[in-house]
Amino acid sequence: MPYVESFLPKVEISTGNSVFILSGGGYGMVVFGNEGTQWVPLFYDLGISVFVVKNSLPKGDKKRTLNDVETTMEILKAQALELKVNWDDAGAMESSVMGIS
């Protein structure tokens with residue numbers, strides 16, 4: 001299971017929208033800061049919940065990284081009501097994300 005850092009805006013400004021940020025870094029490393037959490041203020045300040053995913057390196061198996069992303073989205077989808085996000089208004093952005101797009 002990948003590491004996920006959640007940034008949930010205050011209820012007063014929350015839109016119910018959310019975005020998953022998939023960290024990049026090629027196949028050699030995961031760049032969680034510069035290609036992950038640095039984007040948080042852009043969305044968070046607009047009332048959008050942000051989930052930054054620090055996925056596994058593929059280690060020769062590209063499906064390993066994709067499985068991390070799918071697992072994360074399934075878990076968060078199951079918790080959408082608790083997190084106060086509308087799953088139909090969820091989006092994703094990537095920063096190369098290991099070439100799985």
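Trainee: Is S18 buried or exposed?

Mentor: S18 counts as buried, because its relative accessibility is 3% and the cut-off for buried is under 20%. Please keep in mind that this is a predicted model.

Trainee: Where does S18 sit?

Mentor: S18 is placed in strand 2.

Trainee: And which residues does S18 touch?

Mentor: Leaving aside residues up to four places away in sequence, S18 touches I48, S49, F51, V85, D89, A90 and G91.

Trainee: What about V19, which residues does that one touch?

Mentor: With residues up to four places away in sequence again not counted, V19 touches F43, I48, S49, V50, F51, G91, A92 and M93.

Trainee: Which residues make up the largest nonpolar core?

Mentor: That core has seven residues, namely V19, I21, V40, F43, I48, V50 and V52. Strand 2, helix 1 (40-44) and strand 3 (49-54) are the elements that give two or more residues to this core.

Trainee: How many residues are in the second core?

Mentor: The second core is separate and has six residues, among them F20, F51, L76 and V85.

Trainee: Let us turn to the aromatics. How many aromatic pairs are there?

Mentor: The structure holds two aromatic pairs. In one of them, the ring centres of F20 and W87 are 5.5 Å apart and the planes are at 70°, so this pair is edge-to-face.

Trainee: Why is 70° called edge-to-face?

Mentor: Planes over 60 degrees apart count as edge-to-face, and the planes of F20 and W87 are at 70°.

Trainee: Which parts of the chain does that pair tie together?

Mentor: F20 belongs to strand 2 (residues 18-22), while W87 lies in the loop between helix 3 (80-83) and strand 4 (90-94), so the pair ties together parts that are 67 residues apart in sequence.

Trainee: Are the two partners buried or exposed?

Mentor: F20 counts as buried at 1% relative accessibility, whereas W87 is partly exposed with a relative accessible area of 23%.

Trainee: Which residues form the aromatic cluster?

Mentor: F20, F51 and W87 form one aromatic cluster.

Trainee: A change of topic: where is Y3?

Mentor: Y3 is in strand 1 (residues 3-7). At 45% relative accessibility, Y3 counts as partly exposed.

Trainee: Which side chain does Y3 join through a polar contact?

Mentor: The side chain of Y3 is joined to that of E5 by a polar contact of 3.2 Å. Further along the sequence, Y3 and V52 are 49 residues apart, yet their C-alpha atoms are 8.4 Å apart in space.

Conventions: Residues numbered from 1 in each chain as written. Predicted model: local features only at pLDDT ≥ 70, side-chain atom pairs only at ≥ 80, totals over all residues. Heavy atoms only, no water. Phe/Tyr/Trp six-rings, centres within 6.5 Å; stacked < 30°, edge-to-face > 60°. Helix = DSSP H or I, 4+ residues; strand = E, 2+ residues; numbered from the N terminus. Buried < 20%, exposed > 50% of the residue type's maximum accessible area, 1.4 Å probe, protein only. Contact = heavy atoms within 4.5 Å. Core = buried A, V, L, I, M, F, W, Y, C linked by side-chain atoms within 4.5 Å. Polar contact = N/O pair within 3.5 Å; in protein donor to acceptor, adjacent residues only side chain to side chain.
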